[in-house]
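Please work through the exercises below with the sequence and the structure open beside you, trying each task before you read its solution.

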Amino acid sequence: MDFPALAVRDAVARALAEDGCRDDVTTRWSVPAGLSAQAEIIAKQPGVISGLPTVSEVFRQLDPEVTVDELVPEGTLVPPGRTVVRLTGEARSLITGERTALNFLQRMCGIATLTKQYADLVADLDVKVLDTRKTAPGLRALDKYAVTSGGGTSHRLDLSAMVLLKENHLAASGGVTAAIDAVRAGMAAEGRETLIDVEVETVAEAVEALRARVPWIMLDDMTIAEIRQVVRAREEIAPGAGVVLEASGGVTPERLRPIAEAGVDMVSIGALTHSAPALDLSMLLTGTPGA
């Protein structure tokens with residue numbers, strides 16, 4: 001996934017406004033005007049770096065005279081104590097923008113780090129670790145980009161990206177087959193064609209979806225034994241059809257590998273974006289240039 005520059009620009013503008021950066025009374029009254037300084041953003045724990053361009057965007061909007069040097073590539077696993085960004089500019093600007101820059105960077109690095117922990121568990125298997133739409137409102141593109149920094153795959157950016165029939169859609173439309181038929185009729189009426197993914201909770205529903213010839217089936221909260229049954233059913237009902245099987249629901253690090261080994265193609269994990277702890281980073285002034 002490419003870095004979402006437009007989404008970051010808008011998110012940074014909102015964050016700076018939220019923080020009242022144009023009226024930072026503490027900094028304006030305590031730090032001399034015109035004082036030049038250097039600062040470093042340092043990792044205080046091991047983690048995967050993601051979102052460094054957000055730091056540049058924060059200071060581009062706050063004070064374009066600030067120089068931001070990214071010292072590691074995106075996706076780098078860094079040890080504690082590693083300096084990841086060096087900044088040079090007016091001390092007032094550096095201090096005012098500190099919290100906004102760190103808020104974005106800590107969140108994105110935390111998501112990338114958690115994603116890597118999951119992705120590493122199945123790195124030798126032919127399975128992808130997917131994100132979900134369980135993201136922070138207004139920060140979805142950033143959250144999903146961070147997943148890719150950690151070795152995961154961004155999936156379904158928004159509701160228009162594909163059809164995903166979940167349990168409430170099935171309940172409202174009368175079941176698996178009825179929902180699929182309704183979607184196909186809707187697509188035909190609008191002259192559109194898009195991928196259909198159906199969430200199922202039982203082996204019987206999965207078989208029904210296979211017989212309806214959908215290209216993607218999400219197996220929600222199934223046991224390992226049930227997943228294996230669906231994998232076998234795919235070979236019996238739709239051999240060679242390329243039907244994608246995705247496992248979802250309650251995927252913990254302990255369950256991830258057994259799920260993957262059961263034969264699915266994808267595993268989606270909401271925790272990557274809704275429960276990732278922020279990576280501990282700090283920004284410290286290191287002196288004035290030439291001092």
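Two exercises follow, each with a worked solution.

This is a predicted model, in which local features need pLDDT of at least 70 and side-chain atom pairs count only at pLDDT 80 or more, while totals for chains, interfaces and linings use all residues. Residues are numbered from 1 along each chain as its sequence is written, and side-chain values use heavy atoms, with hydrogens and water left out.

**Exercise 1.** Determine where Asp19 lies and which residues it touches.

Solution. Begin with the loop between helix H1 (5-18) and helix H2 (25-30), where Asp19 is found; helices here are DSSP runs of H or I with at least four residues, and strands are runs of E with at least two, numbered from the N terminus. Next, leaving aside residues up to four places away in sequence, Asp19 touches Thr96, Arg99 and Thr100, contact meaning heavy atoms within 4.5 Å. Finally, Thr100 is 81 residues apart from Asp19 along the chain, yet their C-alpha atoms are separated by 7.6 Å.

**Exercise 2.** Find which residues of H9 are buried and what they pack against.

Solution. First list Ile224, Ile227, Val230, Val231, Ala233 and Arg234, which are buried in H9, that is, under 20% relative accessible area, with over 50% being exposed and values in between partly exposed (1.4 Å probe, protein chains only). Then look at their surroundings: the buried residues of H9 pack against helix H8 (203-211), strand S9 (216-220), strand S10 (244-248) and helix H10 (253-261). Lastly, in the meeting of H8 with H9, Val203, Ala206, Val207, Leu210 and Arg211 of H8 face Glu226, Gln229, Val230, Ala233, Arg234 and Ile237 of H9.
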